[in-house]
Amino acid sequence: MKRILISSGSPYEDLVGFSRAVRVGPHISVGGTAPIDTNGKTVGQGDIAAQTKQCLEVIKMALEAAGSGLNDVVRTRMFLTDITDWETAAAVRSSYFKTIKPVDTIVQVTRFINPEWLIEIEVDAIVAS
């Protein structure tokens with residue numbers, strides 16, 4: 001099967017050597033997506049709702065670039081630096097996935113490579129057709 005690499009333009013991609021998403025056949029994995037713009041600047045500093053939305057918008061663009069979309073998502077993983085933010089992050093997530101209802105995992109982590117980040121999100125998608 002053909003391997004398709006998807007970039008979001010993050011400066012971390014070349015630094016670390018990763019793709020925002022990888023599609024192999026019908027399977028798409030979107031790696032830990034931080035709340036940054038294409039210049040690597042944090043969006044929504046100190047605001048978990050804004051950061052969650054930014055992560056999901058970057059994920060949505062990556063899925064679309066891979067020939068997919070949010071409707072194909074089967075799993076999400078939300079990594080938070082403060083687990084007490086889970087309800088706010090989950091409410092934003094729900095606004096994207098309320099009818100799709102992929103499985104989800106929410107965990108607290110110690111920190112990310114940028115201390116401004118409050119959340120990272122990963123998703124897996126399977127394209128049905």
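Axes here are lines fitted to C-alpha atoms, for helices over the stretch in contact, and angles run from 0 to 180 degrees between N-to-C directions. Helices are DSSP runs (H or I, at least four residues), numbered from the N terminus. This is a predicted model: local features need pLDDT of at least 70, side-chain atom pairs count only at pLDDT 80 or more, and totals for chains, interfaces and linings use all residues. Residues are numbered from 1 along each chain as its sequence is written, and side-chain values use heavy atoms, without hydrogens and water.

Start with helix 2 and helix 3 (residues 86-97). Their axes lie 8 Å apart, and the two pack at an angle of about 35°. From helix 2, the contact (heavy atoms within 4.5 Å) uses I48, A49, T52, K53, L56 and E57. Helix 3 supplies T88, A89, V92, R93, Y96 and F97. Seven of these contact residues are nonpolar, two polar and three charged; Ala, Val, Leu, Ile, Met, Phe, Trp, Tyr, Cys and Pro count as nonpolar, Asp, Glu, Lys and Arg as charged, and the others, Gly among them, as polar.

Now take K53, in helix 2. K53 is partly exposed, at a relative accessible area of 46% (buried is under 20%, exposed over 50%, partly exposed in between, with a 1.4 Å probe and protein chains only). Beyond its neighbours within four places in sequence, K53 contacts V92 and Y96. K53 and R93 are 40 residues apart in sequence, yet 7.7 Å apart in space, C-alpha to C-alpha.

Q51 also sits in helix 2 (residues 48-65). Q51 is buried, with a relative accessible area of 0%. Leaving out residues up to four places away in sequence, Q51 touches several residues, including P35, T42, W117 and I119.
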